[in-house]
Amino acid sequence: MQFDQIYASRNTRMKASEIRELLKLLDQPDIISFAGGIPDPALFPADEFADAFKNALTPERQAMALQYSVSEGYLPLRDWIVEEMAKIGIACDANNVLITSGSQQALDYLGKLFLSPGDTALVGWPTYLGALAAFNAYEPRYDRLSLKGNRTAESYAEDAADAGSAVKFAYLSPDFANPTGETLDRAGRLRLLELADSLECAVIEDAAYQSLRYDGEVVPPVLALEQERKGSIEDCRTIYCGSFSKTLSPGLRIGWAVAAKPVITQMVLLKQAADLHSSTINQMAVHGVAEARFDVHVAQLHVVYQRRRDVMLAALEEHMPEGVSWTRPEGGMFVWMTLPDRMDGAQLLARSLETERVAFVPGQAFFADGSGQDTIRLSFSNSNHAAIEDGIARLGRLLGSV
Ligand code: PMP
């Protein structure tokens, strides 16, 4: 059977990447990997989760924990999120919150909600690879979201119109972005909101790393800044996507979206059609752990990840040859490196795996237009200090020799 002859057209842009194939080699024990942007499992609050699951399975709660539940999500968890949102300047109620199976699911739903084939999505060059993967299924046209230059709203609208398209949303991860580690400053966030107002499009604020700030000045979320100007969340065009993956556990797959009620209502319909609801018991467990010690736990993560970032930045300073530049993130898990002229990140990875046994992610996959060959992403979250120092020294040696 030639299945590929009968696949829907949306699948043509969904490809397994060569890089992922290459990164499968990472299981080998002698490789130092800066590739996966994942939390350190040693930092999972495992004992707290053991208690929380036990608690959810007591005779009084087990019928609820193991049963189907509402698509909107477990109400005590939504209430907890409402309080957390208030702390960062977002006033909402539980009806503005949808629990999703990871924030990745929210990105998929938002693609599904807004994008007809050919519609325009504004994304950074580079942007989160998983967002491109989620949106690609809805066959969009991409345009480069640029908040530094002086590109006007009209030029985005005109370019879209020339392509027979319309701009539906701007997607970005404003804090410690994956892959660059960079943070959009307040002025940039305000420009984004002005742009979205002019284009009458939505803004998708991906806050996956927002709780992981190690230093520098806190910048309010885009949604908070919009609310400051417009008053009610019901008048805001920003849809905020949060996640427990980087703070408590990615394996439980619990994230959330916060937005004006009409958007949440639509997303609830999509969730009903897709998976009915996120795991009831996982939501209860996340609520139990979050309520008991979210802040304490996140403070512990800050100490460990900040040191790892500092060790990586110091090692880069020491070992990188002339012509290499990199970002200095104030939080998150990533440093983004630009290689000397015309050097290719994918070729460098192949060589690095062979000779230096160091892994990272070549940057090209993060660019909607396939550019960015001369970039790579390094993650510091899941390596100890010795591995970071050794791995960066090896990478510096390789870069100095090519
Ligand atoms: N957004 C960004 C920027 C990410 O890096 C990730 C995970 N790598 C996600 C969203 C999705 O995370 P999750 O579905 O686990 O919440």
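Helices (H or I, at least four residues) and strands (E, at least two) are DSSP runs, numbered from the N terminus. The model is predicted: local features need pLDDT of at least 70, side-chain atom pairs count only at pLDDT 80 or more, and totals for chains, interfaces and linings use all residues. Residue numbers start from 1 along each chain as its sequence is written, and side-chain values use heavy atoms, with hydrogens and water left out.

View 1. Ala, Val, Leu, Ile, Met, Phe, Trp, Tyr, Cys and Pro count as nonpolar; Asp, Glu, Lys and Arg as charged; the others, Gly among them, as polar.

**View 2. Polar side chains at the ligand.** Polar contacts pair N or O atoms within 3.5 Å. Tyr209 has a polar side-chain atom 2.7 Å from a ligand oxygen. For Asn178, a polar side-chain atom lies 2.8 Å from an oxygen atom of the ligand. Lys246 places a polar side-chain atom 3.1 Å from a ligand nitrogen. Taken alone, the ligand exposes 400 Å², and the protein buries 91% of that. These areas come from the Shrake-Rupley method with a 1.4 Å probe.

**View 3. Helix 12 against helix 13.** Two packed helices are described by the angle between their axes and the distance between the axes. The axes of helix 12 (residues 345–356) and helix 13 (residues 385–401) come within 11 Å and cross at roughly 120°. Axes are lines fitted to C-alpha atoms over the stretch in contact, and angles run from 0 to 180 degrees between N-to-C directions. Leu348, Arg351, Ser352, Thr355 and Glu356 of helix 12 meet Arg394, Leu395, Arg397, Leu398 and Leu399 of helix 13. Contact means heavy atoms within 4.5 Å. The residues of this contact divide into 4 nonpolar, 2 polar and 4 charged.

**View 4. Helix 8 against helix 9.** Helix 8 (residues 186–199) and helix 9 (residues 222–230) pack at about 65°, with their axes 10 Å apart. From helix 8 come Arg186, Arg189, Leu190, Leu192, Leu193 and Asp197; they meet Val222, Leu225, Glu226, Glu228, Arg229 and Lys230 in helix 9. This contact has 5 nonpolar, no polar and 7 charged residues.

View 5. Trp125 and Pro126 are joined by a cis peptide bond, with omega about 15°. Pro126 sits in the loop between strand 3 (120–123) and helix 6 (129–136). The bond from Asn178 to Pro179 is cis, with omega near 20°. Pro179 lies in the loop between strand 5 (167–172) and helix 8. Glu139 has phi near 55°, a positive value in a residue other than glycine. Its place is the loop between helix 6 and strand 4 (141–144).

Technical notes. A polar contact is a pair of N or O atoms within 3.5 Å; within protein, one must be able to donate a hydrogen and the other to accept it, and residues adjacent in sequence count only if both atoms are side-chain atoms.
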